[in-house]
Amino acid sequence: MNNVNTMTAPNRIFPLFTILVRLVLGGIFLYAGVPKIFDPAGFAETISLYQILPAPWIHPVAIVLPWLETLLGACLIFGIWLPGAVVMVNLLLFAFTGALVFNYARGLNIDCGCFTGNSTDSITLLTLLRDLVFVCMSVFLFFAVRRLSSLKRP
Amino acid sequence: MKQAIWQIPAILAFSVVLGLGVNHFRDGGIPLVRQANQQSATPSAAGDRSDISINRAARLHQEDAAVFIDARAESEYRAGHIKAALNVPWHKAEEMFVEIAPDIPREKPVITYCDGASCNSSDKLAEFLTDLGFEQVFVLPNGWSRWQEKGLPTASS
C-alpha cells in the first residue's frame with residue numbers, strides 16, 4: 001500500500017510547511033549575512049555600538065558571523081546538515097533577540113544592524129517583534145526537524 | 001538530532017576558515033585586532049545619551065533632521081567642520097551656550113563630535129546638553145576624522 005495515500009491531511013501538510021519555513025528562514029539568513037560579508041568594517045562598528053562584546057572580540061565576530069549566517073542560510077535552503085544548522089540558527093536568533101531586548105530596555109538608541117553592516121535602522125518595538133517571529137519560526141523548525149529525523153529512524 | 005553534535009563544530013569551523021581566509025586576501029579586509037583609533041571614545045552610555053554610527057549621523061545630516069555641534073577649539077572648527085555644524089568648544093560651553101541655545105530646536109536630535117579616539121570633549125558636551133534637558137543627544141565618536149573619511153559634506157570658515 002502506498003504510504004502517501006494513507007497519510008492524513010495534517011501529515012501531508014506538515015512536511016510542506018516545514019520546507020516553507022526552512023526556505024523562508026534560510027532566505028532571511030542569506031539576506032542578513034551576504035551584505036555584511038562585503039562590509040566588515042561597517043558591521044564591526046554596529047557591533048561596537050551595541051556595547052555588549054569586549055573590544056578584542058569585535059573584529060573576529062564581524063569577520064566570522066556574516067559567513068556563519070550565510071552558511072546557515074544555505075544549509076537551511078538546500079537541506080544540508082539540517083540538525084546542526086537548525087540548532088545553531090536557534091542559538092543565534094536567541095542571542096540576537098537578547099541583544100536587541102537588552103539595548104532597547106536600557107535605552108540605547110543605536111542602529112539595529114540586523115540585515116546590513118551599515119544599516120541606519122534604529123531598534124524599535126517593531127524590530128523586536130520581527131525578531132520574535134523569526135525565533136518562533138526557528139523553534140518550530142527545531143521541533144519539526146527533530147520529529148522528521150525520528151520518523152526516518154528504522 | 002545527534003548529528004548536530006558534529007555538524008555544529010563543522011559549520012563553525014567552515015565559517016571561521018572562510019571568514020578569516022577571505023578577510024585576509026580581500027581588499028578592504030579589517031585587522032583581527034581593533035586599532036585604538038577605531039574604538040569608540042564613549043565606552044558606555046545609558047539613558048538618553050548614546051553613541052551614533054557614522055551612517056546614521058550622515059542620514060540625519062542629509063535629511064537636516066539633527067543639529068551637529070563641534071566640540072573642538074574654535075581654530076580647529078574654522079579650519080574645517082561638518083557642514084552646518086555649530087561650534088561650542090567644551091571649555092567655553094557654559095558661556096557660549098546662552099547665545100547658541102536659541103538655534104537648537106528642542107525636538108531635533110543633537111549630535112556632538114570632536115576628533116580622535118582620545119578626544120572626550122564631545123562626551124562632556126553631550127552630558128552638559130543632557131543635563132540641560134535636551135532629550136536626544138548623541139555622540140559621534142572620532143567624528144571629524146570619520147566624517148572626512150566618508151567624504152561627507154564639510155565646510156570651513
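1. In which loop of chain B is B:Asn142 found? In this predicted model, B:Asn142 sits in the loop between strand 6 (137–140) and helix 6 (143–149) of chain B. Its phi is near 50°, a positive value in a residue other than glycine, and B:Asn142 has a relative accessibility of 8%, so that it counts as buried.

2. B:Asp64 can be read alongside that residue. Phi of B:Asp64 is near 55°, again positive in a residue other than glycine, and B:Asp64 lies in the loop between helix 2 (54–62) and strand 2 (67–70) of chain B. With a relative accessible area of 53%, however, B:Asp64 is exposed, whereas B:Asn142 is buried.

3. A positive phi, near 105°, is also found at B:Gly133, which follows helix 5 of chain B. Within that helix, which spans residues 121–131, the buried residues include B:Ser121, B:Ser122 and B:Asp123 as well as B:Leu125, B:Ala126, B:Phe128 and B:Leu129.

4. The largest nonpolar core has 43 residues, and the members that touch the most others are A:Leu25, A:Leu72 and A:Leu76. Two or more residues each are contributed by helix 2 (9–37), helix 3 (40–50), helix 4 (55–78), helix 5 (82–105) and helix 6 (125–152) of chain A, and also by helix 1 (4–25) of chain B. Helix 5 of chain A supplies the largest share, ten residues. A second, separate core of 18 residues has B:Ile104, B:Val110, B:Phe128 and B:Val137 among its members; of these, B:Phe128 was named above as a buried residue of helix 5 of chain B.

5. If residues up to four places away in sequence are not counted, A:Leu72 touches A:Phe29, A:Ala85, A:Met88, A:Val89 and A:Leu92, and from chain B it touches B:Ile11.

6. The packing of helix 4 of chain A with helix 5 of chain A deserves a separate point. Their axes come within 10 Å and cross at roughly 135°, and therefore helix 4 of chain A is oblique to helix 5 of chain A. The crossing of these two helices is left-handed. On the side of helix 4 of chain A the contact is made by A:Leu65, A:Leu68, A:Glu69, A:Leu72, A:Cys75 and A:Leu76, and on the side of helix 5 of chain A by A:Leu82, A:Ala85, A:Val86, A:Met88, A:Val89, A:Leu92 and A:Phe96. Twelve residues of this contact are nonpolar, none is polar and one is charged.

Definitions and conventions:
Residues are numbered from 1 along each chain as its sequence is written. Chains are lettered from A and ligands numbered from 1 in the order in which they are written. This is a predicted model: local features need pLDDT of at least 70, side-chain atom pairs count only at pLDDT 80 or more; totals for chains, interfaces and linings use all residues. Side-chain values use heavy atoms; hydrogens and water are left out. A nonpolar core is a set of buried Ala, Val, Leu, Ile, Met, Phe, Trp, Tyr and Cys residues joined through side-chain atoms within 4.5 Å. Buried means under 20% relative accessible area, exposed over 50%, partly exposed in between (1.4 Å probe, protein chains only). Helices (H or I, at least four residues) and strands (E, at least two) are DSSP runs, numbered from the N terminus. Contact means heavy atoms within 4.5 Å. Axes are lines fitted to C-alpha atoms, for helices over the stretch in contact, and angles run from 0 to 180 degrees between N-to-C directions. Angles under 35 degrees count as roughly parallel, over 145 as roughly antiparallel, 65 to 115 as roughly perpendicular and the rest as oblique. A crossing is left-handed if the near helix is turned anticlockwise from the far one by less than a right angle, and right-handed if clockwise. Ala, Val, Leu, Ile, Met, Phe, Trp, Tyr, Cys and Pro count as nonpolar, Asp, Glu, Lys and Arg as charged, and the others, Gly among them, as polar.
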